[in-house]
Amino acid sequence: MAQYRVRASVYDFELALFEPIRREAISRLALRRGDTVLDVGCGTGLSFAQLQQGIGPTGKIVGIEQCPEMLQQAQRRVGQQAWSNVTLLCAPVEVAEIPVMADAALFHFTHDILRCPEAIANVVAHLKPAAHVVAAGLQWAGPRTWPANWFVLPAALYSTTSLEGLDRPWDKLAGLVGSLDVQPRCMGAIYIANGSAANGYTGFRRRSTTTSDAAQGGGVFGWKSQNRSTAHCQHLGVRATQT
Ligand SMILES: C[S@@+](CC[C@H](N)C(=O)[O-])C[C@H]1O[C@@H](n2cnc3c(N)ncnc32)[C@H](O)[C@@H]1O
């Protein structure tokens, strides 16, 4: 988390290059008005505006992010746009108490999360049957475009905690949701994978919070039940409801 605590204030500029990837990834979610979407590892909320275009004011976004500094930027964005349909959870995805069953989930540049089976399982356990799932991010380019790895290596070292799985970053997700359509972009340095939770997933289910305002409106919810980052999340103001 340390690198994102430092990067939070400049993160949006750093990611500007990848906006076309973000747009394509979100368009592959095929969102409909009224949908509920999980933005997994939402960072500063850079995806929120386009997600809002898909779901409209009757839909809901649940952003899950463990780094309080990143989430604070997301919270600021939500406030500036006066979005009342965004719930922000300050927690590691693997233990987040997700208060909804969602129609879609986005994993945009979230390699560490995609390498964590418990995190993926927690998300998939909160997806409705046939929910759309899209993941996009860095991957090792193949032999024919290997020079692209001169970009992938420093970018991955800068933004992930491990290079493990960079050859097939989506494979653990595919193991839980079924087959994914994986498309290379940027000389194979980036992938976009999409699929659907065909029959829902029941193998792992955490207790969801029953906090009604979390499910119905917006807000920021700290991670109270675990030790690892409680102190980090507290300054966000647990349950500082956004209206
Ligand atoms: C490269 S950023 C991507 C942010 C956002 N999805 C975007 O596209 O702009 C990765 C984010 O995942 C978050 N993250 C990493 N591991 C996490 C975990 N286990 N639980 C929650 N957030 C996590 C990081 O704090 C960081 O904000």
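A residue is called buried here if 20 or more other C-beta atoms lie within 10 Å of its own. Keep that in mind as you look at this predicted model: buried residues make up 46% of the 243 residues in the protein.

Let's begin with the overall build. The chain forms 11 helices and eight strands. Among the contacts with a separation of 6 or more, 74% are between residues 24 or more positions apart.

Now turn to the inside. The largest nonpolar core has 62 residues, and V37, L38, A105 and L106 are those with the most contacts inside it. Strand β5, residues 127-138, provides the largest share of this core, with seven residues.

Next, find the ligand. It is surrounded by 24 residues, and the closest are G41, G43, Q66, C67 and H108. Two elements give two or more residues to this shell: β2 (60-65) and α6 (111-114).

Finally, how confident is the predictor? The pLDDT averages 84 over the protein, and 81% of the residues score at least 70. Residues 204-217 have a pLDDT below 50, and this stretch has 24 contacts in the model beyond near neighbours in sequence. Residues 223-243 also have a pLDDT below 50, with 43 such contacts. Where pLDDT is low, the predicted coordinates should not be read in detail.

Notes: Residues are numbered from 1 along each chain as its sequence is written. This is a predicted model: local features need pLDDT of at least 70, side-chain atom pairs count only at pLDDT 80 or more; totals for chains, interfaces and linings use all residues. A nonpolar core is a set of buried Ala, Val, Leu, Ile, Met, Phe, Trp, Tyr and Cys residues joined through C-beta atoms within 7 Å. A residue is buried if 20 or more other C-beta atoms lie within 10 Å of its own, exposed if 12 or fewer, and partly exposed in between; C-beta atoms are placed from the backbone. Helices (H or I, at least four residues) and strands (E, at least two) are DSSP runs, numbered from the N terminus. A residue is near a molecule or strand if its C-beta atom, placed from the backbone, lies within 6 Å of it. pLDDT is the predictor's confidence in each residue, from 0 to 100. Two residues are in contact if their C-beta atoms, placed from the backbone, lie within 7 Å.
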